[in-house]
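Student: I'd like a close look at a single part here, namely the inside of one chain. Could you walk me through it?

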Amino acid sequence: MTETKAAPPPPKRPRPRLDAINRPFWTGGAEGKLYITHCGDCGEWTHPPREFCRHCQSENVAPEAVPGTGVIDTLTVNHQPWMPGLPVPFVIARVKLDGAPGVILTTNVVGSPVDEVDFDDRVRVTFEEQDGIWFPLFEKEA
Amino acid sequence: MALKHEAYITGIGQSEVGVRLARSPMGITMDAIKAAMADAGLTFDQIDGVATYPGRMAGFLGFSPIGVDEVIETCGIKARWHMGGGEIPAQLSAIAEAADAIRNGHARHVICFRTVYEAAAMSRPEEFPPVRREFVEGSSQWTAPYFAISAACWVAHYAMRQMKRNGMTREQLAQIALNANRNALDNPNARAITKKPLTLDEYMEARLITTPFCLYDCDRFSDASTVLILSAGDALDEVKTTPIRVAASAGSVHRYSWDQPDYMASYATGPDLWAQTDYKPKDVGTVQFYDGFAFFPISWLEALGFCDIGAGHEFIDGGKRIARDGDLPLNTAGGQLGAGRLHGFGFAYEAALQLRGDAGERQIPGDPKVAVATSGGGPLAAALLLARD
């Protein structure tokens, strides 16, 4: 019988510190919503969220729910375990969001083998909760 | 002909480049400073400016262990101008700003330095405790939660697009690492980083980091200090070297983000560099492009107009065009992939050495008179046009 070292448990996701500006984005998943900062004056979208619209500098900005669908703009299949116990490989993608032109999210595409995820795939948000943060992940649309 | 209101590189120096060096951060910094001072033939009473990037970072000492203040004090410099900061376009912007200060009369001779100590610091955690943070802050909160923790992942997104949309192959990308390896083998100060030739087969079989990057596409933590001394055009009679003019510089960014723009900041910086000079890409004898990850030099070739956007991987022509005997020699000292993560300053050092004709065994033919050195990727971008004119 050979001695085996117990594998470390998978690491938790590094988590952001919540503040007034980023809270809607990171907690919207509690109500199943993906919130992006939207300008009530010019109608444009600002991401990452800011206190001012980055297009017209209005303070009349508020989080607005987007459909939660989008398309894969680019992706990388990550093989390096950056933290002890991190399961690899996995997909890190950039997703262009429907309904919020110009906004891209870096995210993980989950629920499919890594070699079945490709550029231009249609994806839909799915939330993973950890310690009060609802991380928006994406899976391929059926 | 020296131009009075211009700035020139007049001294260059580099410490031993190592992995887990025992010598202290100030020790290697002074090694590089003294080498550059001896090269220029200057004494400290002639120095009146100091610049660095990004300045001493207390929570991240391996990345930047030495600040401008320590150099001013250690060397007894009576400074009329100094700067050390990270909120500038990229690493080489410290040199660009020193050149601007000289042109504006704020200094005559400026020591520009960059010391890195990442390998040694990691190996001596009791002396350089790694920072453990409960939260991810700032821009990394948009990537780190997805285990996109290294810049390798962020740059891979641009490199993968080049493969999927523009047809780049891994064999084409490999030429950056293979070229770096060949050149590093002729660089005596790269021995700690590059010990033997790399073959395409070894590259193709290497461990993947994040597609398309394998181990050989990522630079490696190193310990080193690199120094360039810049001097005013009306102070060149005080130095003994062939002066290399900082003919233009640029550092432009349109989106301060790794993941929102379609193109990295280099693509705004390239045209802005040429807008300031009568030189054209065809005048350039060698390019020294930041290669923290292997896709960066390909993107800089496109950004600076050496080829069309999306065609950088074809332009390098299987590595022939960028070899030391090619039309446009790239990273002739081995770059960061072959000669260590000097964090930008190594590219300006090597450009100056080649333009002087002092690169020894790795000197490129053709009496090069103009070079471009760059640093940065993603939202960071700085380019210097250097000329022996």
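Student: What percentage of the 389 residues in chain B is buried?

Tutor: In chain B, 58% of the 389 residues are buried (20 or more other C-beta atoms within 10 Å of a residue's own; 12 or fewer means exposed, anything in between partly exposed, with C-beta atoms placed from the backbone). Keep in mind that this is a predicted model, where local features need pLDDT of at least 70 and side-chain atom pairs count only at pLDDT 80 or more, while totals for chains, interfaces and linings use all residues. Residues are numbered from 1 along each chain as its sequence is written, and chains are lettered from A and ligands numbered from 1 in the order in which they are written.

Let's start with the outline of chain B. Its C-alpha atoms fill a box of roughly 55 × 50 × 40 Å along the principal axes. A compact globule of 389 residues would have a radius of gyration near 21 Å, and the 20 Å of chain B agrees with that (taken over C-alpha atoms; the rule is 2.2 Å times the number of residues to the power 0.38). The chain holds twelve helices and eleven strands (DSSP runs numbered from the N terminus: H or I over at least four residues for helices, E over at least two for strands). If you take contacts in chain B between residues at least 6 apart in sequence, 78% of them join residues at least 24 apart (a contact is two C-beta atoms, placed from the backbone, within 7 Å).

Now to the inside. The largest nonpolar core has 157 residues, and L228(B), L230(B) and L386(B) touch the most other members (such a core is a set of buried Ala, Val, Leu, Ile, Met, Phe, Trp, Tyr and Cys residues joined through C-beta atoms within 7 Å). Leaving aside neighbours within four places in sequence, L228(B) is in contact with residues including I9(B), A36(B), I95(B), C112(B) and F345(B).

Follow I95(B) and you land in helix α3(B), where I95(B) is one of the buried residues, along with S93(B), E97(B) and I102(B), among others. Nine of the eleven residues of this helix, 93-103, are buried, so the rest of the structure largely encloses α3(B). After α3(B) comes G105(B), with a positive phi near 85°.

L386(B) leads you to a set of strands instead. In β11(B), L386(B) is the bridge partner of V246(B). Five bridges join β11(B), residues 382-387, to β8(B), and the two run antiparallel (strands pair if DSSP finds at least two bridges between them). In general, strands of a sheet pair through backbone hydrogen bonds, either parallel or antiparallel. Strand β8(B), residues 244-250, has seven of its seven residues buried. β8(B) also pairs with β1(B), residues 7-14, over two bridges in the antiparallel sense. There, R245(B) is the bridge partner of Y8(B).

What about the later stretch of the chain? An unreviewed UniProt entry places "domain: Thiolase C-terminal" at residues 266-383 of chain B (positions use the numbering here, feature names are shortened, and annotations may be inferred rather than shown by experiment). That span is 33% helix and 9% strand, with its end C-alpha atoms 8 Å apart.

Chain B also touches chain A: the contact takes 25 residues from chain B and 24 residues from chain A. On the chain B side, α5 (151-166) and β5 (208-210) are the elements that give two or more residues. The largest share, six residues, comes from α5(B). By class, this side has 14 nonpolar, seven polar and four charged residues (Ala, Val, Leu, Ile, Met, Phe, Trp, Tyr, Cys and Pro count as nonpolar, Asp, Glu, Lys and Arg as charged, the others, Gly among them, as polar).

Finally, a glance at the partner. In chain A, 34% of the 142 residues count as buried, and the chain has one helix and eight strands. Its C-alpha atoms fill a box of roughly 70 × 30 × 25 Å along the principal axes.
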